[in-house]
Amino acid sequence: MMKRVFESGLLLVLLVVFPQLLDAQNKIRGTVKDSGEGFPLAYAMVRTNCSSEVVMTDNVGQFVITVLKDTCDLEISYSLYETFKRKVVFTGKKHEVRLDVRLNPQAVTLDQTSVTASKYETNVEKSTNSILVLNTKTVENQNITTVDGLLNKAGGVAVVDNEPQIRGGSGFSSGMGSRVMIMLDYMPLLRPDAGRPMWTFIPMEDVEQVEILKGAASVVFGSSALTGAINVLTAYPRSEPRTKVTMFAGIYDDPNPEYRTSWIHQNPIKCGVSFLHSRIIKNNFDLVVGGEYFYDKGYIGPEERVSETINKNGDDVGKFERRARFNFATRYRPNKVKGLSVSLNGNFMYSQNNQTFMWFDADTNRYRSYKGSMSKFRDCTFYVDPVVQYVARNGWVHTFRNRLTFSNNMESTGNQNSQSFVVYDEYQFNKQFRFAMNFVGGIMNMYAESVGPLFNGDNYSLEPAKMYSDNLAVYAQIEQKLLKHKNLNLSFGARWEMYKLKDVFENKPIFRAGISYQLDTAVTEARTSFRASFGQGYRYPSIGERFIAIHVGRYGFYPNPELVSETSWNVEVGIMQPFGTKDKRFWGMFDVAAFYQSYKNYIEFCMGPWGDRGSFMDRFGFRFLNTGPATITGVDANFMTGGTISDNVSYSISLSYNYNLPIAKNPDKAYYSNDGKEYTFNNTSSDTTRKVLKYRIEHMAKFDVEFTFWKQLSIGFTGSYYSAMKNVDKFFFSYDVENPNLSAVRIKQLRAMGDLPFCGYYNYFNSKDYQRGSWVFDARLSYTIKDVTLSFIVKNLFNKSYALRPLYVEPTRTFTLQLVYNFDKNKNNQ
């Protein structure tokens, strides 16, 4: 009897007290919006320090989170925005707080976030690495149609012959075997056969941000991230639909001087159109579709002298490119499973192009192709990306990324037909803990396969061959914020890399560590940040570097099956100083870093007699070789500022300078032996006085200035300086028929060999015009009326004739007219 009375009483107490306890729980309700345009930010992450619960905003940016304490720290984060932080206090009988949160875009605050450094968002000011973030909105009026064009605006970065170079970490390599990892939405996008970036395949119309990590990044992103990583992020829809159409047409000017003019009828043109449409359907389905058509007749003429073309009015089809591309992105969030999202993205491209490797000579025929060096390609390429992500209520984020990339290179000259595909799979899990620690870990696998005579390892065989590589890796990284204001940041990461190429298997552990300290903002408003980092690098050769076998214009690309992996370690120290006014009418940032890189088994692109058949000249070509140890020391400085001069005038300015000194540490090392001759750095280099590695740009400076009037009229000016290469392969001089240092007998022998592309190169290389480096300037003017922006762009304003690598000249001056229609309800509804 007493037991029943006790149970009834307990039930009565629970019925009375429990609802009151529920009612006494504290709740935070709010809406998260963009501070500038006012549109809601769907699926922002909301957390507090007094609960492990993590919630996400709904499709209209609203959220509700429950807390069990009267005081808590609220944090709201959203990709590409400044993290919002606020202390929330519940007083008296008030158990609910309502907030209208406005997040500042990165481009406004400079408090940029980036996943490049650690695979989770991190504030640039507090990062232990050097990070540069490029927003495509700032260059929309510059007619940049590929990501490599955007990268050439970044300090310390140059793209030479399709090869991205960060802080002088690479030289000329014909675009193969990149030491910079190129990613699209966190997944690699390098050709599976050659390790070459696929610049034209990236949907530029949908790119929202490009993140550049400088320094060794192999721990986080694996092989190819030896000197850095570039992560290209595409955009998903906002709350309202958006449509964007871009059209342009341009024309190449005659070269300077005009006697080098390559075309005989009319100046070559280039034109293109791209489109993008994005929207959210039924509140939980994101859809993005886009596409591009691009045509460039090119400024390089056919494989003959200018005089021959004039005399016989011959074919004027030289280097050109034509491509058509369609891409889509989808993301579905089931209402019944909170935190789950399923994505499927795809991209399809068909392209035709002629590529030239060497000019005809260094003077009159600089804008003509050397005989046999023009390669024609027809290529079909696609990728599909199924991705699943789940954000658990306890804060763990689980992501399963996949990418299948396929390329079919058809009807190519020089027996360069090939088919290749790569399958990339990655499972990643990460969490930001309440005690200010971030953890990320994962496992990835990338399998690549290529089929074609191009990779049979024999320059004299047409038999197709199948080559494959397999890469497996596990990784983990921890980042811990310390001190009262969390302004001391420590990070440590490790990765175990396993790799197999044909019958070669190797594995290697690599590590990184970093520290950053920002002056306490409670004591000073300087926000000065100091950083230091150490990282190991590891890169295995691509299929192309080991097995490519083709001939181009009497010269070949020769295989090297004995090529081994290269390793490195990198250390840097840096300081960042943001500045500006509280009303943000004036802002800026100065960043400078000193770095040192040490390499073992450094891989270089070398010219020499690697063939074993035919005449003496027919045996020469390029080959990838391990040339021994090397170091690179340098300084990287960046400055940017912007603001408003008045209510109707705003401005932005960016300046950068990079100096690097790449040194061969064992110049007498014999890295190859053939017919009784040993090849070393000293006996193959044109200049050995400072032991500088071949094909290096030691000094690079860039600036960009833009003024905007009444938010409609913009005027901009850009300049880039590239110092001359001081050392190239001595071979170029030894076979230059116009080299004054050669004997009469030697010159007679060379003339008997016929036309050689090295003709005049010695005089060109040693001319004052080349040795003082190249300044290249661009100018632009744009005007916006409602949703339409009309721009006029002049690239290479002063029509400078210059080369960034041997035997290839950069474009002449171009005039381009561009029209952009950008209908964005998110902006119009503010």
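User: In this predicted model, which residue is the bridge partner of Leu655 in β40?

Analyst: In a regular strand the side chains alternate between the two faces of the sheet. Here, Leu655 has Phe703 of β40 as its bridge partner. That bridge belongs to the antiparallel pairing of strand β37 (residues 649-664) with strand β40 (residues 699-709), which extends over eleven bridges.

User: Which strand do ten bridges join to β40, and in what sense do the two run?

Analyst: Strand β41 (residues 713-722) is joined to β40 by ten bridges, and the two run antiparallel. Phe709 is partnered by Leu713 in β41. The two strands form a hairpin with three residues between them, and in the turn Trp710 has a positive phi of about 55 degrees.

User: Which residues touch the most other members of the largest nonpolar core?

Analyst: In soluble globular proteins, nonpolar side chains tend to be buried together. The largest nonpolar core here has 66 residues, and Phe732, Phe758 and Tyr761 touch the most other members. Helix α10 (residues 761-766) gives the largest share of this core, four residues. Leaving aside residues up to four places away in sequence, the contacts of Tyr761 include Trp359, Phe732, Asp736 and Pro806. Another core, of 42 residues, lies apart from it, with Ile144 and Met181 among its members.

Terms used. Residues numbered from 1 in each chain as written. Predicted model: local features only at pLDDT ≥ 70, side-chain atom pairs only at ≥ 80, totals over all residues. Heavy atoms only, no water. Core = buried A, V, L, I, M, F, W, Y, C linked by side-chain atoms within 4.5 Å. Buried < 20%, exposed > 50% of the residue type's maximum accessible area, 1.4 Å probe, protein only. Contact = heavy atoms within 4.5 Å. Pairing = 2+ DSSP bridges.
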